[in-house]
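Please keep the structure open while reading.

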Amino acid sequence: MKSRLYAAVCATVLALSLSVHAQSQAGGAASITPAELKEWLSYIASDQLEGRQVYTEGLGLAASYIAEHLKEWRIKPAGDDGGYFQEVKVLGVNVKRNSSVTVTVNGQTKTFKDGEGVTFPANAGGKQTVTGQAEFVGYGLSLPEAGIDDYKGRDVKGKVVLYVGRGPQTMPAGGARLLGARARNAVELGHAVAAIGPAIAGGFGRGGAGRGAAPAATATPSTTADARGGTPPAGATGAQSPAQPGAAATPQRGRGGANPALGDFQTVQRLDNKIPPQITAGDEFFEFIFNAAGQNYADIKAKADKQEAIPATALSNVSISINVDADYDVVQTRLTRNVVGVVEGSDPRLKDTYVLFGAHYDHIGYQQSPPGQGRGGFGGGGAPGGCTGQQRDTPKAGDIVNNGADDDGSGTVAVLALAKAFATGPKPKRSVMFVWHAGEEAGLLGSRYMADYPEVPLEKVSAQLNIDMIGRNRCDEASESNTVYLVGSDRISTELHNLSEDANAALSGPMKLDYEFNDPADPESIYTRSDHYSYASKGIPIIFYTTGLHRDYHYLTDEVGKIEFPKLAHISQLVYATGWKVANLDHFPARDNKGPRKGKGASGKIGS
């Protein structure tokens, strides 16, 4: 009896096992299972890979692991020389500065050279001359929910935007990054041809700290700054010098770098890109403009210094000509790799166009000094991961590896699951490309390189869907168990946003799509701070999927045991369903470029 019962149990277990295996092999959304995601992540986020720091052996092991799976599923290599890898060249560059700004006010003309009243970023882009009428926008902020809107009633398209100060006293808490984003927002949202504002002590130059500092189409900020915080965690390896793998590096800002061997700045992008100038200026510059235009700059500055309301001030007959003239000398080259594969579409006409899926497979490495509390919230400091009232768990004794199970091991294995689903299941009309980006933590390196040196022409890319941290609940709140945050879905293409909503509604268990981080008043400017932004800056419609931060963000305790694998699978199936819809459209999602409309508290489709 016992032997027969044992045999029956074994047969049942085997049948179930074979059923699950067969389901995972059938392809499509059904093949995306928690079990396989856990299997892959258990290696990707293991101590063996030593935190997957860019330029290290651990990242190379991760790249090989991904490529081996692509080969197993017969996914076509789409990297360099018929392989799965795209070499990413990270350049250290010295710059000779010859740029200038010429202002003409009521017949008076004055030229300010770079370093003499105005300061251009080290990477000012390719040579060009940009001219426009000046438009003064006070503090340069548009935060309607906080009662702040310096752009109300103003059209700055085609103009050179000027702004001053550190914002009014009514600035929302944690708004420092919004100040750093003023120039970028003037160009991206207001379509200004250039922006000029004050140098803010402790500010973030062209738009934010680290990789969020500037549009992907513009200068690359320091490759050493944190993805979301701006400084490396205590004892973490950072983005190391090639001479000292694993050694902490000092973030570099401004006109030079802490390490001369790296040059004045580091970039993966084309040095001849012509980009909208984003310049800082001193009082001498503003004083000339305002006083020559019949305004009293001293009064405006006094109000700005006190963070008082600045009255609307018209600048009549003020023309600004910006001559971008920088010479670049490459002094160092470092190498890393993206992993790239493609599943060809089924339609003879559409298979030459693509939907891109992406995630970053790097993390922040291991810690050489005793672990502290690491970074705090998104902006550093404060509660860990921005989770008020929470503290980090104590790491296991002797643990020095930042495993990055959620950041972005979760995205890495999600894209693996998507690749398998498309490779082993039905084929959409359009081809689908999968990119695992290197060096996101060091400055969006892989995605910025891919956007400037694409493996397929960007004009053939219909959309890019990016995944970064989808394995947990925000602050581990149980109420977040069915929530995923979407960023950017409506900014370039209303149609893409609505397709996303339709894909979610069609799931057997729709998720709560939260647009809080898409709000233009989001103090952390999340839209600019993961790999999707490199593609959005080229005009490609994007959706960024994340579940937000938690107390283990960028810390030793971001480990596999804390991942919610059923939720990870659920979000991956949502991304698959959305990508499937886009890949089967007979046209690209319409690019109407209406900007962010879904924000905090918003939901649903956007009416035509």
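**Notes on the predicted model**

1. Aspartate 327 pairs with lysine 127, and their closest N and O atoms are 2.9 Å apart. Aspartate 327 sits in strand S14 (residues 326-343), while lysine 127 is in the loop between strand S5 (118-119) and strand S6 (128-136), so the bridge ties together parts that are 200 residues apart in sequence. A salt bridge here means a side-chain nitrogen of Lys or Arg within 4 Å of a carboxyl oxygen of Asp or Glu. Helices (H or I, at least four residues) and strands (E, at least two) are DSSP runs, numbered from the N terminus.

2. A word on the basis. This is a predicted model: local features need pLDDT of at least 70, side-chain atom pairs count only at pLDDT 80 or more, and totals for chains, interfaces and linings use all residues. Residues are numbered from 1 along each chain as its sequence is written, and side-chain values use heavy atoms, with hydrogens and water left out.

3. The cut-offs are under 20% relative accessible area for buried, over 50% for exposed, and partly exposed in between (1.4 Å probe, protein chains only).

4. How many salt bridges does the structure hold? There are 23. One of them joins lysine 159 to glutamate 135, with closest N and O atoms 3.2 Å apart. This pair links distant parts of the chain, 24 residues apart: lysine 159 is in the loop between strand S8 (148-149) and strand S9 (160-162), and glutamate 135 is in strand S6. Lysine 159 is partly exposed at 26% relative accessibility. Glutamate 135 is buried at 14%.

5. Arginine 474 and glutamate 516 also meet in a salt bridge, 2.9 Å from N to O. Arginine 474 is in the loop between strand S17 (461-467) and strand S18 (483-487), and glutamate 516 is in the loop between strand S19 (512-514) and helix H11 (532-536), so the bridge ties together parts 42 residues apart in sequence. Arginine 474 is partly exposed, with a relative accessible area of 23%. Separately, salt bridges that share partners join Asp393, Arg472, Asp476, Arg551, Asp552 and Lys562 into one network.

6. Now the disulfide. The whole structure has one, taken as a pair of cysteine sulfur atoms within 2.5 Å. Cysteine 387 is joined to cysteine 475, S to S 2.2 Å. The link is left-handed, with -90° about the S-S bond. Cysteine 387 is in the loop between S15 and helix H8 (405-424), and cysteine 475 is in the loop between S17 and S18; the two are 88 residues apart. Cysteine 387 is buried at 1% relative accessibility. Cysteine 475 is buried at 14%.

7. Look next at histidine 360, in strand S15 (residues 354-360). Its relative accessibility is 0%, so histidine 360 counts as buried. Which residues does histidine 360 contact, leaving aside neighbours within four places in sequence? They are Asp407, Asp408, Thr412, His437, Glu440, Glu441, Ile467, Asp468 and Asp531. Contact means heavy atoms within 4.5 Å.

8. Last, helix H12 (residues 565-584). Its 20 residues reach 28 Å from first C-alpha to last, close to the 28 Å expected at 1.5 Å a residue. The expected span is 1.5 Å times one less than the number of residues. Of the 20 residues of H12, 15 are buried, so the helix is largely enclosed by the rest of the structure.
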